[in-house]
Amino acid sequence: MPVKNRFAELLPEITAWRRDFHEHPELLYDVYRTAGRVAQLLREFGCDEVVEGVGRTGVVGVIKGRTDSQGRVVGLRADMDALPIIEQTGLDYASKTPGKMHACGHDGHTAMLLGAAKYLAETRNFDGTAVVIFQPAEEGGGGGDAMVKDGLVSRWNIQEFYGMHNMPGMPVGSFSIKPGPMMAAADQFDIIVTGKGGHAAKPHECIDTTLTAAQIIVALQSVVSRNVDPLKNAVISVCVVSTDSTAHNVIPQVVRLKGTARSLDPGVRDQLEEGIARIATNVAAAMGASAQVDYQRGYPVTMNDEQATEWAAEVARDIAGDVNLSMQPMMGGEDFSYMLNERQGAYIFVGNGDTAMVHHPAYNFNDDAIPAGSSWYAGMVEARMPAA
Ligand code: NI
């Protein structure tokens with residue numbers, strides 16, 4: 001397995017990049033240091049083109065193969081941003097910025113794709129063009145969408161997209177993938193319940209907003225259990241309940257609810273949006289109150305193309321000997337979905353071993369996964385655009 005051997009050699013260097021990113025986490029679009037370092041390394045590797053500031057702070061590197069007989073272009077994507085979490089790993093390269101932490105392993109994704117870029121620029125053993133894409137703001141800012149809107153696809157004529165995420169609980173360096181939905185559509189909603197505030201000892205002179213909000217919270221679960229096909233998947237979670245009062249004896253005038261709605265299917269997504277509005281407004285009306293519903297669509301479903309999934313699994317199998325094709329989709333969101341909505345492609349999980357879960361303060365990306373991850377990125381280019 002020549003690809004993998006080279007990455008075993010490059011492991012100390014890639015690990016050093018990864019730990020440097022880990023020590024200097026940046027949030028959302030403010031990934032200036034990370035993006036600057038990525039661009040600098042891509043130039044050192046001898047990429048044919050390095051463009052910064054795509055989708056605000058994204059970086060694109062272009063690597064031409066030894067030949068280009070058919071104008072083929074494959075895009076490989078990694079994310080660069082960290083999370084607003086106080087790190088509790090105790091690592092000697094732990095975050096130097098309190099309250100910011102690489103708790104989702106995007107430091108590892110960026111480093112693995114840099115490793116693949118270095119290898120591809122060295123070997124160029126393919127017929128076409130590899131585009132390495134480093135996006136900002138995966139954790140809620142829609143950086144993938146911003147890069148697409150900034151012309152990512154047309155500017156470099158990208159025909160296929162491949163992305164990867166690490167996954168704790170899977171053996172280190174193993175792979176999991178499935179065709180169809182991999183990650184959920186992640187929407188959010190705000191409900192403002194308005195009644196008539198007043199003295200809590202005189203409820204008959206009020207319209208009780210907290211009781212109305214409680215009825216709405218309970219009734220919303222009937223959308224998932226009673227409206228959505230039981231063989232399909234959906235989640236509605238009400239996560240914030242707040243009022244303008246802090247007193248024990250005041251019925252508040254207004255109660256605000258915030259939550260998230262997840263789905264894997266466009267029809268179910270419509271049902272959630274319609275159902276939340278229907279239940280909130282009508283339950284409120286039944287209680288004599290009113291509800292204002294604001295439903296905001298977030299990241300779309302991360303949908304793996306069937307053919308591209310097979311290609312991705314084939315490369316993973318070459319590296320790891322086996323690939324898990326029977327995984328369940330996950331209800332988390334992922335903004336690589338915006339790229340997959342544009343072109344054929346696939347998103348794969350690489351095992352992070354027995355570590356804390358992503359988004360946990362004790363989580364750390366596992367450097368032992370680097371050879372497998374970098375090999376997969378580079379392998380996708382060589383497999384999809386074999387040398388003439
Ligand atoms: Ni992540």
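**Entry 1: the Arg77 pair**

I began with Arg77, which is buried at a relative accessible area of 0%. I note here that the model is a predicted one. I then looked for the partner of the Arg77 side chain and found a salt bridge to Asp335, at 3.3 Å from N to O. Arg77 belongs to strand E3, whereas Asp335 sits in the loop between helix H8 (306–320) and helix H9 (337–340), so this pair ties together parts 258 residues apart in sequence. I checked Asp335 as well: its relative accessible area is 0%, and Asp335 is therefore buried.

**Entry 2: other salt bridges**

I next looked up Asp48 and Arg124, whose side chains meet at 2.7 Å, N to O. Asp48 is in the loop between helix H2 (32–45) and E1, and Arg124 is in the loop between H3 and E4, so parts 76 residues apart in sequence are tied together. For accessibility I recorded 41% for Asp48, which counts as partly exposed, and 18% for Arg124, which counts as buried because the cut-off is under 20%.

I also recorded a salt bridge between the side chains of Asp187 and Arg269, at 2.7 Å from N to O. Asp187 lies in strand E8 (residues 185–194) and Arg269 in helix H7 (residues 266–286), a link between distant parts of the chain, 82 residues apart. Both Asp187 and Arg269 are buried. Lastly, I noted a network of salt bridges that links Arg18, Arg19, Asp107 and Asp367.

**Entry 3: the sheet**

I traced an open sheet of 7 strands with mixed pairing, in the order E1-E2-E4-E3-E5-E15-E6. Strands E1 (49–54) and E6 (175–176) are at the edges with a single partner strand each, so one side of each has no neighbour in the sheet.

Helix H10 (residues 370–384) touches E3, E4, E5, E6 and E15, and its direction makes about 165° with that of E5. Helix H3 (residues 106–123) lies across E2, E3, E4, E5 and E15, and runs at about 150° to E3.

**Entry 4: the nickel ion**

I listed the protein donors of the nickel ion as Cys104 (SG), His106 (NE2) and His165 (NE2), which lie 2.1 to 2.2 Å from the ion. I wrote their spacing in sequence as C-x1-H-x58-H. Cys104 and His106 are both buried.

Notes. Residues are numbered from 1 along each chain as its sequence is written. This is a predicted model: local features need pLDDT of at least 70, side-chain atom pairs count only at pLDDT 80 or more; totals for chains, interfaces and linings use all residues. Side-chain values use heavy atoms; hydrogens and water are left out. Two strands pair if DSSP finds at least two bridges between them. Helices (H or I, at least four residues) and strands (E, at least two) are DSSP runs, numbered from the N terminus. Contact means heavy atoms within 4.5 Å. Axes are lines fitted to C-alpha atoms, for helices over the stretch in contact, and angles run from 0 to 180 degrees between N-to-C directions. Donors are N, O and S atoms within 2.8 Å of the metal (3.2 Å for Na, K and Ca); water is not among the atoms, so sites may look incomplete. Buried means under 20% relative accessible area, exposed over 50%, partly exposed in between (1.4 Å probe, protein chains only). A salt bridge is a side-chain nitrogen of Lys or Arg within 4 Å of a carboxyl oxygen of Asp or Glu.
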